[in-house]
Amino acid sequence: MKTIPQSIRLAGGVLAIGVVLFASGCASNVNSYERAESQAAPNVIADKRVITDNTLAGTVRVVSINQGTVSGNLLKIQATVENLRNSTRSVNYKFEWIGEDGMALDSANETWKTLTLQGRETTTISTVAVSPRAVDFRLKFRE
Amino acid sequence: MKHTVTSRLLGLLAVGAMLTFSGCETATETRTVDAKGPQAINTSAINSQDWANAADQLLNSLLSSNALNNAPHTPAILAVDRVINNTQLMVDTDLLIKKIRVALTNTGKIAITNTMGLGERAVVASEAAELDEMQSGKKAKILVPDYTLYAKLIQQTDKNGKIAQNTYSFQMSLVAVKTGLTVWEEEKQIAKQTKGAGAIGW
């Protein structure tokens, strides 16, 4: 009976573990389906990005930001966020509001929230300004 | 020679004992953190960040629904109705309601009456109105609310082996007084899983 050399057995074991890890990494990925030609007409705005954490920016990406008005004169912001990784990731985000005079508006809804995204998932986060004086916003992300 | 080894051993023991006892004497360290931030201690209960998030989500839903656009006048008068706490937690429901009140008042679309509704604020405001009536001899004009706000907190606990999950539901309804119709309703949930017997979530 011919025995398999130990080095080959070791390599086989490493390969098997790699396959298991790779498969489990993909297990939480999200497949999504949508209308081929979207009927929605979002008011997408141009945004400025200040990146100080490249690792974070490589994990979660803001695809687009669109805005609308609700309850007559309150600004609503919605950001489409994508997980660039193949595994579930959690990040914290916060919206801040700025008034016409450039002053930050202390708002009750300026809270850090935890966002959990499955692998390669795209989702939206949104907020509504609680003051009609809010004209600008800032969206922050942190690990 | 033997004496030297013994003294060295004793010295080591003394150092070990000192390190052990100094470990027990660690000074209490307190730091200020953002109550609405991720540094807030996470427990199986509702923490400060959860209250803020629940209030934020409910507010976003109410304002996005445009329900206040049909108010008979601006600002619309709102009375805060009962807040029922059906959780196992002894919590002050103002942790939720106050955040909603502040935010709604800031929008300029709502003015909250204190002469109706429950709670100490309503009692004081009612007594003040009565006193004013007695002193002026004129019937105090009390504004009838356009809307009432009703809220309920519910807790559901599920267990699977060593994992316990507490799901907290924050339900809120806005009712138009004249019609009795609910013009806005929302339910937001926060689920927290705790592994093991400890109370700290992860």
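Author: Buried means under 20% relative accessible area, and exposed means over 50%. Keep that cut-off in mind as we look around this predicted model.

Reader: So is B:Ile190 buried or exposed?

Author: B:Ile190 has a relative accessible area of 14%, which is under 20%, so the residue counts as buried.

Reader: Where in chain B does B:Ile190 lie?

Author: Look in strand β5 of chain B, residues 182-195.

Reader: And which residues is B:Ile190 in contact with, leaving aside neighbours within four places in sequence?

Author: Two of them are B:Asp50 and B:Ala54.

Reader: How many residues of α2(B) are buried?

Author: 14 of the 17, so going by the under-20% cut-off the helix is mostly covered. Just after α2(B), have a look at B:Asn66, which takes a positive phi of about 60°.

Reader: Now the interface. How is its size given?

Author: Often as the accessible area lost when the parts come together. Here chain A and chain B bury about 1,700 Å² between them, with 49% of that on carbon and sulfur atoms. In terms of contacts, 23 residues of chain A meet 20 residues of chain B.

Reader: Which side chains form the salt bridge?

Author: The rule finds one across this interface. A:Lys113 and B:Asp56 are the partners, at 2.5 Å from N to O. There are also 10 residue pairs in polar contact between the two chains.

Reader: Which elements of chain A give two or more residues to the side that touches chain B?

Author: Those are β2 (74-83), β5 (113-117) and β6 (122-128) of chain A. The largest share, three residues, comes from β6(A). Sorted by class, that side has eight nonpolar, 11 polar and four charged residues.

Reader: What does chain A look like overall in secondary structure?

Author: Chain A has two helices and seven strands, and along the sequence the pattern runs α-α-β-β-β-β-β-β-β. Of its 143 residues, 31% count as buried. Among contacts in chain A between residues at least 6 apart in sequence, 66% join residues at least 24 apart.

How values were computed:
Residues are numbered from 1 along each chain as its sequence is written. Chains are lettered from A and ligands numbered from 1 in the order in which they are written. This is a predicted model: local features need pLDDT of at least 70, side-chain atom pairs count only at pLDDT 80 or more; totals for chains, interfaces and linings use all residues. Side-chain values use heavy atoms; hydrogens and water are left out. Buried means under 20% relative accessible area, exposed over 50%, partly exposed in between (1.4 Å probe, protein chains only). Helices (H or I, at least four residues) and strands (E, at least two) are DSSP runs, numbered from the N terminus. Contact means heavy atoms within 4.5 Å. Buried area is the accessible area (1.4 Å probe) that two parts lose on being put together, summed over both. A salt bridge is a side-chain nitrogen of Lys or Arg within 4 Å of a carboxyl oxygen of Asp or Glu. A polar contact is a pair of N or O atoms within 3.5 Å; within protein, one must be able to donate a hydrogen and the other to accept it, and residues adjacent in sequence count only if both atoms are side-chain atoms. Ala, Val, Leu, Ile, Met, Phe, Trp, Tyr, Cys and Pro count as nonpolar, Asp, Glu, Lys and Arg as charged, and the others, Gly among them, as polar.
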